[in-house]
Amino acid sequence: MTPMRRDAVYDHRAQQSALPVLVHYDDGGTAESLLVLTPDQVELYAIQFERLISQREQTQGNAA
């Protein structure tokens, strides 16, 4: 699964977010879909992505 270059959306009535993704199949085919996330999942991934960004920045700083 690969995130697509489209904006994620938040549905306040359902209290969930949707991220457009491209699903990759073993046979080489693909299909567009949505990854639906709860607010807790969004917060968890935000924390994890912040760590990844920080690690990348540290690595880039050490390489310079």
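In this predicted model, the side chains of Arg-6 and Glu-32 meet in a salt bridge, with a separation of 3.2 Å from N to O. Because Arg-6 lies in the loop between strand 1 and strand 2 (9–11) while Glu-32 belongs to strand 4, the pair ties together parts that are 26 residues apart in sequence. Side chains of opposite charge can pair when their charged atoms come close. The count of such bridges in the model comes to one.

The largest share, five residues, comes from helix 1. This pocket has a volume of about 310 Å³, and of the 15 residues that line it, Leu-19, Leu-35, Leu-37, Tyr-45 and Phe-49 are the closest to its centre. The lining divides into 12 nonpolar residues, three polar ones and no charged ones.

Strand 3, covering residues 16–24, holds Ser-17, a residue that counts as buried because its relative accessible area of 14% falls under the 20% cut-off. Once neighbours within four places in sequence are left aside, Ser-17 is in contact with Val-9, Tyr-10, Leu-35, Val-36, Leu-37 and Val-42. Two of these partners, Leu-35 and Leu-37, are also among the residues closest to the centre of the largest pocket.

Definitions and conventions:
Residues numbered from 1 in each chain as written. Predicted model: local features only at pLDDT ≥ 70, side-chain atom pairs only at ≥ 80, totals over all residues. Heavy atoms only, no water. Helix = DSSP H or I, 4+ residues; strand = E, 2+ residues; numbered from the N terminus. Buried < 20%, exposed > 50% of the residue type's maximum accessible area, 1.4 Å probe, protein only. Contact = heavy atoms within 4.5 Å. 1 Å grid on protein atoms, 1.4 Å probe; cavity = no way out; pocket = protein on both sides within 12 Å on 5 of 7 lines; lining within 4 Å. Points joined across faces, edges and corners; volume = space filled by probe spheres on them. Nonpolar A, V, L, I, M, F, W, Y, C, P; charged D, E, K, R; others polar. Salt bridge = Lys/Arg side-chain N within 4 Å of Asp/Glu carboxyl O.
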